[in-house]
Amino acid sequence: MNWIKRACLFTTLWLLISLPARAVLTIEITQGADDAMPIAVVPFAWGGEGEAPEQIDGIVAADLQRSGFFRPLDKSDLIARPHQASQVNYTDWRALKVNHLVVGKVLPREDGSYTVQFQLLDVNRRQQLAGYSMRTGETGLRRTAHQISDIIYQKITGKRGAFDTFIAYITVTGDRTDKPTYQLAIADSDGHNEQIVYQSRQPVLSPGWSPDGKQLVFVSFARGRSEIYIQNIVSGENRRLAAFNGLNSSPAWSPDGKYLAMTLSRDGNPEIYVMHIESRSLQRITRNRAIDTEPAWLPDGKGLVFTSDRGGSPQLYEVMLNNEMRPTNRPGRLTFQGRYNARASVAPDGRHIAMVHREEGNFRIGVLDRDSGLFRVLTDSRLDESPSFAPNGSMIIYATEANYRGILAAVSVDGRAQQRLSLQQGDVREPAWSPMRPE
């Protein structure tokens, strides 16, 4: 249970953010996978008076459904409501063709905290796959539910879940008579518990997470031109990192946390640079008359994927780096499908690259399998942008539009499951999925 204790400490750090929480992002499942695995998440028993402070089972079921791998049974289809394994009649559940069953309870403690107990059961083998007893405060109940979802996901799929993570994004509010307000926000991966960490009357762009999940890098026009800032999420402090003449844009944190790749036009043409964050020393990576921009790191930190129109149209290129962050080869072209492929996001295992792909005049999310060379267009909307991989590589979150408003959407890497996250008012754009929390 040590990982849970460490995770609770990390949560405490996040709760130090002084601005109040808001829950404004609404999730809509727009497409489920036909072959999703059926699972029964039985309503957890509540051991206190009145209503339970949080519906743990509902959060778990929603998490599992959003993954695209699971199809939780509707509550009206449950044949029984056991709360522990000893109460389960496996024969009845097998008749429903349910592979797995989740049961549990929430118990109040005298000090105001709660004990959440749950068991994951294999219906066909009639055995327990996981069983935990987790202590948490009232504000930590949603996070405990996400942790339970992660445990279930990993036990059944063999891959680590990414429900107990965050997303960062930019919101834009204000009507036509107002000057818009740009806010850099973070929220749980399901859109709940939104926190505003920075806001400005000038545009804010390109948020990106530090590898430890404690800082965000972004571009702000607060001083009338593009500059790159780092925001400490815990302390609320920010610092300006890059304010060179010309363009300062597209920052991306290196996997070891020591460097930022970025686009600068300080020498006259947009080129890719790498900055050592502590010393602020710069290394120029590209030298080409074309526009080179939107760098994304390979997971091992030994190379960058970036967008360049050096071949006559925007395409993705790759350049390898040595330990001194100097390029070791001429950039090689990665994409050949169509005349527009840009804004790369590299999967955590390096196998897939997500991108914005233009098809018949529409901008959609595509993904390239680097091993097989197979390219797939995952979405069918009109104006998709800013793809960002989940830290387990299973989903891609991106910005799109619906009814002339900017919203977020997510699609599984195989395209089987899709969902939308929208604001009650205003636009939301430029999402970035956080790294995994420490185990």
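Author: This is a predicted model. Its largest nonpolar core has 25 residues, and those that touch the most other members are Phe118, Ile148 and Ile152.

Reader: Which helices and strands each supply at least two residues of this core?

Author: They are strand 2 (37-41), helix 2, strand 5 (100-108), strand 6 (114-122), strand 7 (127-136) and helix 4 (141-157).

Reader: Which of these gives the largest share?

Author: Helix 4 does, with seven residues of the core.

Reader: How does one look for empty space inside a model?

Author: Rolling a probe the size of a water molecule over the atoms shows where empty space is left. In this model, there are four cavities of 30 Å³ or more. The largest cavity has a volume of about 120 Å³. It is lined by 13 residues, and the closest to its centre are Ser67, Phe163, Ser394, Met395 and Trp433.

Reader: Is strand 27 largely enclosed or largely open to the outside?

Author: Strand 27 (residues 385-389) is largely enclosed by the rest of the structure, because four of its five residues are buried. It pairs in the antiparallel sense with strand 28 (residues 395-402), over three bridges. Within this pairing, Phe389 has Ile396 in strand 28 as its bridge partner.

Reader: How many residues lie between strand 27 and strand 28 in their hairpin?

Author: Five residues lie between the two strands of this hairpin. In the turn, Gly393 has a positive phi of about 75 degrees.

Reader: How should I read a sheet with several strands?

Author: The general idea is that in a regular strand the side chains alternate between the two faces of the sheet. One case here is an open sheet of four strands in the order 15-16-17-18, with antiparallel pairing. Its edge strands are strand 15 (248-253) and strand 18 (282-284), each of which pairs on one side only. From one strand to the next, the twist averages 25 degrees.

Reader: What joins strand 17 to strand 18?

Author: Three bridges join strand 17 (residues 271-276) to strand 18, and the two run antiparallel. To locate this pairing in the model, one may look for Tyr273, which stands opposite Arg284 in strand 18.

Notes
Residues are numbered from 1 along each chain as its sequence is written. This is a predicted model: local features need pLDDT of at least 70, side-chain atom pairs count only at pLDDT 80 or more; totals for chains, interfaces and linings use all residues. Side-chain values use heavy atoms; hydrogens and water are left out. Two strands pair if DSSP finds at least two bridges between them. Axes are lines fitted to C-alpha atoms, for helices over the stretch in contact, and angles run from 0 to 180 degrees between N-to-C directions. On a 1 Å grid over the protein atoms alone, a cavity is a set of points where a 1.4 Å probe fits but cannot get out, and a pocket is an open set with protein on both sides within 12 Å along at least five of seven lines; lining residues have an atom within 4 Å of a point. Grid points are joined across faces, edges and corners, and a volume is the space filled by probe spheres set on the points. Buried means under 20% relative accessible area, exposed over 50%, partly exposed in between (1.4 Å probe, protein chains only). A nonpolar core is a set of buried Ala, Val, Leu, Ile, Met, Phe, Trp, Tyr and Cys residues joined through side-chain atoms within 4.5 Å.
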